[in-house]
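Okay, thanks everyone, I'll keep this quick. Let me put the structure up, and then we can walk through a few spots together.

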Amino acid sequence: MEEKTIQIAGSITVDELANALGLSVTELIGTLFKNGIVATINQRLDYETAQIIIDELGLENVKLERKNTSTKTSNFHRELSDKAVTRPPVVAVMGHVDHGKTTLLDTLLHKKTVEDEAGGITQHISAYQLKHNDRLITFLDTPGHEAFAAIRQHGAMLTDIVVIVVAADDGVKPQTVEAINFAKSANAKIIVAINKIDREGADVNRTMADLSQHGLQPEEWGGDIVMVPISAKMNQNLDQLLDMILLTADIEELKADVNIPAEGLVIESHMEVGKGSVVNVLVTGGELKTGKFIVAGNTYAKIRTMLDWQGKPKGKATPSTPVTITGFKELPNFGDRFIEAKDEKTARKMALLNAQAAADESASANVTSGDLLRMMNVADNTKTFNVIIKGDVLGSVTSVVDSLKMIDTKGEITLNIVSTGVGDINENDVYMAAGDNTVVYGFNVSVPVNINKMAARDGVPVRTYKVIYELLDDAKHEMENLLDAEIVEEDKGELKVLGVFRTEKTSIIAGGEVLTGDVKPGYLARVIRNKKYLGEAEVTSVQKEKMDVNVLVAGETGGLAMNTTSKIDLQVGDRLKFFTRESKKRTL
């Protein structure tokens with residue numbers, strides 16, 4: 001029988017799936033009902049749920065495919081015309097935290113930003129341009145901690161050349177490897193800047209050997225990777241590094257069309273008082289001009305103002321140029337493609353179509369595979385950690401959310417992102433969090449005094465951070481508090497009962513010989529007769545030669561008093577196996 005392929009963009013209705021499968025709606029609804037789902041004809045099912053249902057129906061000739069309607073960078077490629085012109089290279093600077101990425105850019109651009117960044121770590125993608133030998137180079141400064149992996153990956157996708165900064169006194173680190181992998185996955189050319197050669201302990205050859213172990217073979221050793229020893233702090237060999245960037249760009253023959261509608265990518269967006277939506281974009285084709293209409297995702301703009309990376313007005317931006325624009329109706333998403341539209345009517349229509357496609361692709365499905373599995377009686381004992389995330393820019397929000405999702409909760413905690421947004425924490429955030437055990441996190445934003453008072457009144461925890469690691473540590477602590485405590489038992493000893501003096505409903509007085517270990521007041525005891533468990537008791541006091549003592553050890557005989565929750569018929573010859581039990585807080 002011929003195989004049938006069904007494409008699903010995010011979700012599909014019961015009616016659509018039935019038609020695609022050649023079944024009656026009644027038959028499909030019946031199958032759903034057998035699996036615990038009471039569905040209507042217009043109920044939406046996600047991809048995984050549809051696959052489970054097809055498996056349940058035993059339809060081996062049906063294949064599901066995800067239909068991709070994404071406007072993200074990874075799907076953004078254009079065939080060049082024969083009129084394409086040379087464009088500046090786009091260079092991402094990546095590497096391990098503290099290896100000197102931002103210092104390198106500061107020295108190249110004669111600016112100072114390291115002290116301004118919380119914890120001395122880049123928090124957003126920043127785009128700059130400089131001129132070397134009368135040629136422009138565009139630089140992207142990408143965050144350097146694994147918490148910002150989402151931003152850095154976008155940085156790699158925007159990039160022609162990746163300069164990986166490695167400290168000569170520290171060598172290859174986990175984020176160095178991550179940067180290498182990102183660069184390779186983006187098919188970007190790699191240049192290594194071996195930094196901090198002015199420091200004591202710097203060893204360029206050792207660093208090159210370390211890099212060769214991770215697939216980067218230096219040109220000097222017969223490989224194809226350019227490696228330039230530099231000191232960003234002392235401005236040493238930086239001209240040589242720029243020469244290598246331009247040489248690599250020449251070899252790659254980087255070009256772009258300019259006689260086409262402008263297009264590019266959103267690299268950052270945030271709200272500013274008096275300006276509204278402020279969006280940083282990188283032009284990849286055409287010429288972007290003020291007054292023109294552009295569409296990004298489900299929103300559009302008439303470009304009101306356009307500034308270069310230094311904040312100077314710019315009337316036109318050509319390919320590989322980063323600019324900051326205002327005029328968007330709403331904030332576009334970080335990583336979205338933008339494209340020029342001929343007029344406002346067209347822009348509005350394109351934005352609506354994108355919104356509809358995103359709605360189909362998003363988790364708007366009424367029934368998810370998780371719901372289905374729960375309905376099919378798969379055990380689900382997870383607890384839920386509810387959070388609201390507010391950040392200064394969309395890139396920050398994306399990184400915080402992605403980083404929270406990377407916390408390993410061993411499958412016991414479900415992270416529920418109640419809402420996200422850009423801007424200061426407001427009244428609506430507190431309303432949404434109230435009465436639902438929700439924590440409101442702010443990253444690089446503030447909390448107005450009246451909102452703080454409102455949150456305190458409603459018992460809503462509101463916490464703001466400027467360094468993402470601190471936010472993640474707090475979230476991890478909150479999740480650990482949701483974990484069930486671990487019960488830890490430790491064996492202590494064993495006693496053979498030689499005499500029973502009194503047994504009452506909730507107490508026992510007996511005597512015996514300690515065979516192993518010891519016995520102390522506070523120990524718990526399991527009563528065992530011929531390997532059969534009879535009950536549990538707690539030792540309240542211990543005697544030796546009719547005197548209270550703190551402990552009886554192996555080989556000694558004595559008496560003991562115990563409390564029980566129910567009567568135990570203790571007899572001579574029974575064994576008491578002593579142990580302690582404590583509740584231990586678990587960690588992730």
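**Loops first, then helices**

So, Asn237 is partly exposed, at a relative accessible area of 31%. You'll find Asn237 in the loop between β11 and α8. Before I go on, please keep in mind that this is a predicted model.

What about the backbone there? Phi of Asn237 comes out near 70°, which is a positive value in a residue other than glycine. For context, most residues other than glycine have a negative phi. Now look at Asn235, which sits in the loop between β11 (226-229) and α8 (238-252). Asn235 also has a positive phi, near 55°, and again this is a residue other than glycine. With a relative accessibility of 48%, Asn235 counts as partly exposed; the cut-off for exposed is over 50%.

Lys275 is in the loop between β13 (263-272) and β14 (276-285). Is Lys275 buried, exposed or partly exposed? Its relative accessible area is 42%, so Lys275 is partly exposed. If you skip the neighbours within four places in sequence, Lys275 has contacts with Arg304 and Thr326. And Thr305, 30 residues away from Lys275 along the chain, has its C-alpha atom 9.6 Å from that of Lys275.

Let me zoom out for a second. The protein chain has 14 helices and 32 strands. It runs to 588 residues, and 47% of them count as buried. If you take the contacts with a separation of 6 or more, 71% of them are between residues 24 or more positions apart.

Okay, helix pairs. Start at helix α1, residues 14-21, which packs with helix α2, residues 25-34. The angle is about 115° and the axes are 9 Å apart. That angle is why α1 and α2 are described as roughly perpendicular to each other, since that class runs from 65 to 115 degrees. Their crossing is right-handed. Which residues make the contact? On the α1 side we have Val14, Asp15, Leu17 and Ala18, and on the α2 side Val25, Leu28, Ile29 and Leu32. Sorted by class, that contact of α1 with α2 has 7 nonpolar residues, no polar ones and 1 charged one.

Now the other pair, α11 and α14. Here the angle is about 40°, with the axes 11 Å apart. So α11 and α14 are oblique to each other, and their crossing is right-handed. From α11, Ser399, Val400, Ser403 and Leu404 meet Ile468, Leu471, Leu472, Ala475 and Met479 of α14. The contact of α11 with α14 divides into 7 nonpolar, 2 polar and no charged residues.

Which residues of α14 are buried? They are Ile468, Leu471, Leu472, Asp474, Ala475, Glu478, Met479 and Glu480. As a reminder, an α-helix has 3.6 residues a turn, so residues three or four places apart point the same way. And what do the buried residues of α14 pack against? Besides α11 (394-405), there are the strands β21 (383-391), β22 (413-422), β23 (438-443) and β24 (462-465).

Note on methods:
Residues are numbered from 1 along each chain as its sequence is written. This is a predicted model: local features need pLDDT of at least 70, side-chain atom pairs count only at pLDDT 80 or more; totals for chains, interfaces and linings use all residues. Side-chain values use heavy atoms; hydrogens and water are left out. Axes are lines fitted to C-alpha atoms, for helices over the stretch in contact, and angles run from 0 to 180 degrees between N-to-C directions. Helices (H or I, at least four residues) and strands (E, at least two) are DSSP runs, numbered from the N terminus. Angles under 35 degrees count as roughly parallel, over 145 as roughly antiparallel, 65 to 115 as roughly perpendicular and the rest as oblique. A crossing is left-handed if the near helix is turned anticlockwise from the far one by less than a right angle, and right-handed if clockwise. Contact means heavy atoms within 4.5 Å. Ala, Val, Leu, Ile, Met, Phe, Trp, Tyr, Cys and Pro count as nonpolar, Asp, Glu, Lys and Arg as charged, and the others, Gly among them, as polar. Buried means under 20% relative accessible area, exposed over 50%, partly exposed in between (1.4 Å probe, protein chains only).
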